[in-house]
Number of protein chains: 2
Amino acid sequence: MIVEQRRTLCIVGMGLIGGSIAAALKTRVPQRWRVLGVDRRRGCLRYAQERGFLDQACDSLGEGVADADLVVLAVPVSAIREQLAALAALVRPGQIVSDVGSTKTGILADAALHLPEGVAFVGAHPVAGLEHSGVENAVPGLFDARPCVLTPGGSAGDAAVATVAALWREVGAEVLYLDAHTHDRVFAFLSHLPHMVAYALVDTASTACNPQERTLAGGDFHDFTRVARNSPAVWRDVCLENRDVLLQALDSFAAALQGMRTRIAEGNADELLHHFQRCVQAKDEMWIP
Amino acid sequence: MIVEQRRTLCIVGMGLIGGSIAAALKTRVPQRWRVLGVDRRRGCLRYAQERGFLDQACDSLGEGVADADLVVLAVPVSAIREQLAALAALVRPGQIVSDVGSTKTGILADAALHLPEGVAFVGAHPVAGLEHSGVENAVPGLFDARPCVLTPGGSAGDAAVATVAALWREVGAEVLYLDAHTHDRVFAFLSHLPHMVAYALVDTASTACNPQERTLAGGDFHDFTRVARNSPAVWRDVCLENRDVLLQALDSFAAALQGMRTRIAEGNADELLHHFQRCVQAKDEMWIP
């Protein structure tokens, strides 16, 4: 009988994502990982500990990192880059560092800059989330059947990548690999651009309609703009991190919208119908039930 | 004891909206209305009749209109305008005609053009719907607590308006009044523009990402673009009917998006944060739980 060694995971940031990783591990594979939590917000750590998500709440980043085989930075993108700088003096060769950020190129560059030789960085982006953030919304099933994209850094050997991939499979995610540039391009179009569009829609509608008129917004409008309630700080970070690709995506979208404007202005019924039919077909092909 | 006279309603078009009006009346106030259905699609009429939504399925528009106190055109916008022309020879003074179209200016103009003197036209737009159309999705509760906007034509006296308002209250809707131009402006921004944006988003993302990359679209993306699966013919009609105001809405939106692009390109973190915070606040103010 082969007994796998129990490994130690330090989660930095006990919010929705960090809390859900911890909850999934303790619920499903409690023998595989000893889970430590680090967060300046003591209430979040206490909440996670009371629910049995954590083996230990740590008082400092240094305390959490000291024993860890794997450190996962589960904080917003700008904080990930700060924590990478802070980790520089704390990590040792053989340790693995990962994250959950929704942009990857800048984070990989910072990891290469700050982390000492022998420390592997494996970027990760779990494509999961809820309308509302915070550890109090954490659930063990958050990542079930959702993609988790890994973007290994140059310093990451096969064993480090396999360890991070195993973690994400254990919490229910389907692991796939992209290089950081491809990741950032794809998510600029599939996630960052739609969020900017939602913000701009709310901006436009609330300017054009008075408060009484706005009450006429139907379910469709709210579907579109639900995510426009997400954390402004998160989206500020994403915009600045992924600026160049996001600007390209905005320009592509503006061109598509301008093309539609031209079709509407020309009033060619057949061409409009054909165009909308192609969009519906593209949508049906994208849909994952 | 006052016994209200039972009146006769003829619903032209037995789809989601027409079927749900019939279902709600027969479920809630069966003594108030005798409900007739007209539709060239015999299967839709049969479906509605088998479920008890109708007192009678009519073989022709003429048969349905002959006995009706109120005729409701529950068909797409371009078909409403065709049916108004067809009604010209069939209606008599004292009868009331209404519709359910999501644009109003052109329909009111056509009603004024086609309907003989003494026939009241009261435009109606129930702000309700589902992702999927068709009588098989009709439910009595479709209009519950949803707005129904009435846009009475110049020919409509108080009694006719009161009759149509009573019908919509009986099926559960909250009735309010707008002039047709205001209606079309408000819905250009709250409904038509978002649909165009959804189509353009699908168009952009499916062009920029290959099929494997597209599988990474998360729930947010699908929230945005769910409605991009709606009937292309319906949206072609809306675009052509409400062209001028929709073009203004598209231009306002393009300007808002361009403003956001400039903020992102400039990379001013504080201003981006402030802008997103204002959008979130506007969204929260618009939200009807």
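Author: Contact here means heavy atoms within 4.5 Å. The model is a predicted one, in which local features need pLDDT of at least 70 and side-chain atom pairs count only at pLDDT 80 or more, while totals for chains, interfaces and linings use all residues. Residues are numbered from 1 along each chain as its sequence is written, chains are lettered from A and ligands numbered from 1 in the order in which they are written, and side-chain values use heavy atoms, with hydrogens and water left out.

Helices (H or I, at least four residues) and strands (E, at least two) are DSSP runs, numbered from the N terminus. Apart from neighbours within four places in sequence, R214(B) is in contact with L190(A), E285(A) and M286(A), and also with S206(B) and C209(B). With a relative accessibility of 15%, R214(B) counts as buried. The term buried means under 20% relative accessible area, exposed means over 50%, and partly exposed lies in between, for a 1.4 Å probe and protein chains only.

Elsewhere in chain B, helix 4 (residues 77-87) packs with helix 5 (residues 105-114) at an angle of about 10°, and their axes are 9 Å apart. Axes are lines fitted to C-alpha atoms, for helices over the stretch in contact, and angles run from 0 to 180 degrees between N-to-C directions. Helix 4 of chain B and helix 5 of chain B are therefore roughly parallel to each other; angles under 35 degrees count as roughly parallel, over 145 as roughly antiparallel, 65 to 115 as roughly perpendicular and the rest as oblique. Helix 4 of chain B contributes V77(B), I80(B), R81(B), L84(B) and A85(B) to the contact, and helix 5 of chain B contributes G106(B), I107(B), D110(B), A111(B) and H114(B). By class, the contact of these two helices has 6 nonpolar, 2 polar and 2 charged residues. Ala, Val, Leu, Ile, Met, Phe, Trp, Tyr, Cys and Pro count as nonpolar, Asp, Glu, Lys and Arg as charged, and the others, Gly among them, as polar.

P116(B) is placed in the loop between helix 5 and strand 6 of chain B. At 27% relative accessibility, P116(B) counts as partly exposed. Leaving aside neighbours within four places in sequence, P116(B) is in contact with A88(B) and V91(B). From C-alpha to C-alpha, P116(B) and P93(B) are 7.3 Å apart in space, although 23 residues apart in sequence.

In chain A, H125(A) belongs to strand 6 and is buried, with a relative accessible area of 7%. The side chains of H125(A) and H183(A) are joined by a polar contact of 2.7 Å. A polar contact is a pair of N or O atoms within 3.5 Å; within protein, one must be able to donate a hydrogen and the other to accept it, and residues adjacent in sequence count only if both atoms are side-chain atoms. Not counting residues up to four places away in sequence, H125(A) touches several residues, including V100(A), K104(A), C148(A) and F187(A).

Finally, A145(A) is found in the loop between strand 6 and strand 7 (147-152) of chain A. Phi of A145(A) is near 60°, a positive value in a residue other than glycine. A145(A) is exposed, with a relative accessible area of 53%.
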